Amino acid sequence: MTRAGPILVALLVALLGAPALSLAAEPPQLEEGVSAEAYAKTGRAVLAGLNPLKKAFKQGHAERGLHPSVPAGESGPPELRWQPRAINLGALRVEEVTALPDAETRREIAGLLAQLAAPLEHVDDVELKVDLLERLEADGTATVRLRFVLYGPTAAGPAVMRSSLRSRWRPTSAAREAWAPVSLGLRWARLVVGPGNLFREVARERGLRHYGSPDPRFLPPSSALRYQVIRHAIGGASAADVNGDGRDDLLLTKGEGLALFLNLPEGFREVTRQWGLADVEHPNVALATDFDGDGDADLFVGQFYGRNRLFENRGGRFVDVTEGSGLAQDDMTAVALAADFDGDGAVDLYLGRFLDARSEVPDTMLYTRNGAPNKLYLARGPLRFRDVSAASGADDRGLTLGAAAGDIDGDGDVDIYLANDFGRNVLLRNTGRGRFKDATLETDTLAVSAGMSASLGDMDNDGLLDLYVSSIRSNQRWFSEDVNIRAYVLRIVRSGRRERLQQLFWDLRRHMGEDWARVGWASLKGNYLLRQRPDGGFADTSEEANADPPGWFWSSGFFDADNDGLLDVLTVNGWITGELKDDL
């Protein structure tokens, strides 16, 4: 064995005996003799047991979805009493219910679910998922936390009822293949009702007719990608006033090309060809800003695979000036920032990059650092740049999908926060003249997540910038608890991958300490709201602020939706989940 081998084995043996992470939720408790395999098997069995209950509830007969071993009962659960919560958002209404005692009969359980649905005229859709398998006892009893969400109309408008349930389950056979709930209690419930018209879609009537499409180079049966998921990253949108009329225009990217829409008094009009952008292929990022200081917006276009391009705005037309600009052929460009990072008055360019999906996959799905190094280009004249990435300290190797720039620490220069997929997010503190230091740990901004986007804004009006990071709060979080992570790491130790991943596990240990085994829980815990304290550190207020809803969230941004002087958040959600499967 090489020298690297025993070092990693010694490290991971120590890690496997480390205490669990002290986070908002306690790690699952397994009684003596209960294995990680039993934990995973039980979770899947509970999910399978939820499906008939969900189906029966949707049909209006929840009792029929419960196993015959659950006693019928004669009375229902205690009455729910919804309490209004103060909120300043027009006609939007929020009501809440706190904990109730456990229901233990079919009639009580069905009655509890029916009461949660009572404010809705009818139920359009139901989510009933395992949020956390809290405890597994030697006799097979499992304590489970469930997520129950209902969507439907009310007289006051559409409504969403979100709730957290606690439940105890037992196997219904000696083989423990099937399980049934023996109790169900309410932890909390929140009902949101509104007119549904705070915003109105006007794209078509304003002339915006644009459809995203994937990059045709990577569609099946193409074998060009080793990491196939990246084919779904079909582009994005940005806004800037490119024609100088005082209105923001739109640049929309997709796998096949780019579209430029001018925002005119009569509506939006596509002018892609007229402005010289018809030959742009496979763009992923379009960033318009005044790179040459002449008062109009120039254009940077980044690609996953292919050369990045720079265009000069010459009054009604973009002209390709990439040649001689100093920009390299940077594959894997996922996000771009423009700011004066070195304080010389000129606009610089920072590129967040992903990994090379043609030849690489994430080293591990919950924590990886094998991305293409990010790039920092400092301006050295109009539309000319110098690559200072390695010397700047800003060449982070996370799989960067989102980035935000601003004077986070209030010292007069521009800092950067990176939202990295499959790993840890990073705060890069600008120490002056475009040199950066990883200040994540010292500022308490560590967010281990599937980072998708990052936004800066003063959410509490205290003069300090706060952070909102979009990520995933997944239905598979229950499966990624430390009991399974430890087993996963042990398999790596015993495999041929141990030497290659040694540095990765040192990085994990350095950032999460003895809490390393809860990396799965942290990675899938959802969006982060990081509130800056007066001492320059940050506090994770995601849960208490109700800012971490379930879902797969992509772009996000602070803005004042209701003009009350307080920043709200819009975040875009969507992915694919199993309707009847175990969500793995």
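These questions and answers set values from a predicted model against the definitions behind each label.

This is a predicted model: local features need pLDDT of at least 70, side-chain atom pairs count only at pLDDT 80 or more, and totals for chains, interfaces and linings use all residues. Residues are numbered from 1 along each chain as its sequence is written, and side-chain values use heavy atoms, with hydrogens and water left out.

Q: Why is Thr443 called buried?
A: Buried means under 20% relative accessible area, exposed means over 50%, and partly exposed is in between (1.4 Å probe, protein chains only). Thr443 has 3%, so Thr443 is buried.

Q: Where does Thr443 lie?
A: Thr443 sits in the loop between β24 (435-438) and β25 (448-449). Strands (E, at least two residues) and helices (H or I, at least four) are DSSP runs, numbered from the N terminus.

Q: What makes the approach of the Thr443 side chain to the backbone oxygen of Ala439 a polar contact?
A: A polar contact is a pair of N or O atoms within 3.5 Å; within protein, one must be able to donate a hydrogen and the other to accept it, and residues adjacent in sequence count only if both atoms are side-chain atoms. A polar atom of the Thr443 side chain lies 2.6 Å from the backbone oxygen of Ala439. The side chain of Thr443 also reaches the backbone oxygen of Thr440, at 3.3 Å.

Q: Which residues is Thr443 in contact with, leaving aside its neighbours within four places in sequence?
A: Contact means heavy atoms within 4.5 Å. Thr443 is in contact with Leu427, Arg429, Gly536, Gly537 and Phe538.

Q: How do you know that β10 and β11 pair?
A: Two strands pair if DSSP finds at least two bridges between them. Strand β10 (residues 258-264) and strand β11 (residues 267-270) have four bridges, in the antiparallel sense. Within this pairing, Phe261 has Glu270 in β11 as its bridge partner. Two residues separate β10 and β11, which form a hairpin.

Q: Why is the pair of Tyr468 and Phe558 called edge-to-face?
A: Rings of Phe, Tyr and Trp (its six-membered ring) pair if their centres lie within 6.5 Å; planes under 30 degrees apart count as stacked, over 60 as edge-to-face and the rest as tilted. The count by this rule is 13 aromatic pairs. The rings of Tyr468 and Phe558 have centres 6.3 Å apart and planes at 70°, so the pair is edge-to-face. Tyr468 is in strand β27 (residues 466-470) and Phe558 in strand β31 (residues 551-559), so distant parts of the chain, 90 residues apart, are linked. Both Tyr468 and Phe558 are buried.

Q: What describes the aromatic pair of Trp478 and Phe479?
A: The distance is 5.4 Å centre to centre, with 80° between the planes, and the pair is edge-to-face. Trp478 has 0% relative accessibility, so Trp478 counts as buried. Phe479 has 24%, so Phe479 is partly exposed. Ring pairs also bring in Tyr39, which forms a cluster with Trp478 and Phe479.

Q: What makes Lys525 lie over the face of Tyr528?
A: A charge sits over a ring if NZ of Lys or CZ of Arg is within 6 Å of the ring centre and within 35 degrees of the ring normal. Lys525 is at 4.4 Å from the ring centre of Tyr528.

Q: How do you know that Arg81 and Glu79 meet in a salt bridge?
A: A salt bridge is a side-chain nitrogen of Lys or Arg within 4 Å of a carboxyl oxygen of Asp or Glu. For Arg81 and Glu79 the N to O distance is 3.9 Å. Both residues, Arg81 and Glu79, are exposed. The count by this rule is 34 salt bridges.

Q: What makes Glu137 and Arg168 a salt bridge?
A: Their closest N and O atoms are 3.6 Å apart. Glu137 lies in the loop between β4 (125-136) and β5 (142-154) and Arg168 in strand β6 (residues 157-171), so the pair ties together parts 31 residues apart in sequence. Glu137 has 15% relative accessibility, so Glu137 counts as buried. Arg168, with 27%, is partly exposed. Shared partners join Glu31, Arg135, Glu137 and Arg168 into one salt-bridge network.
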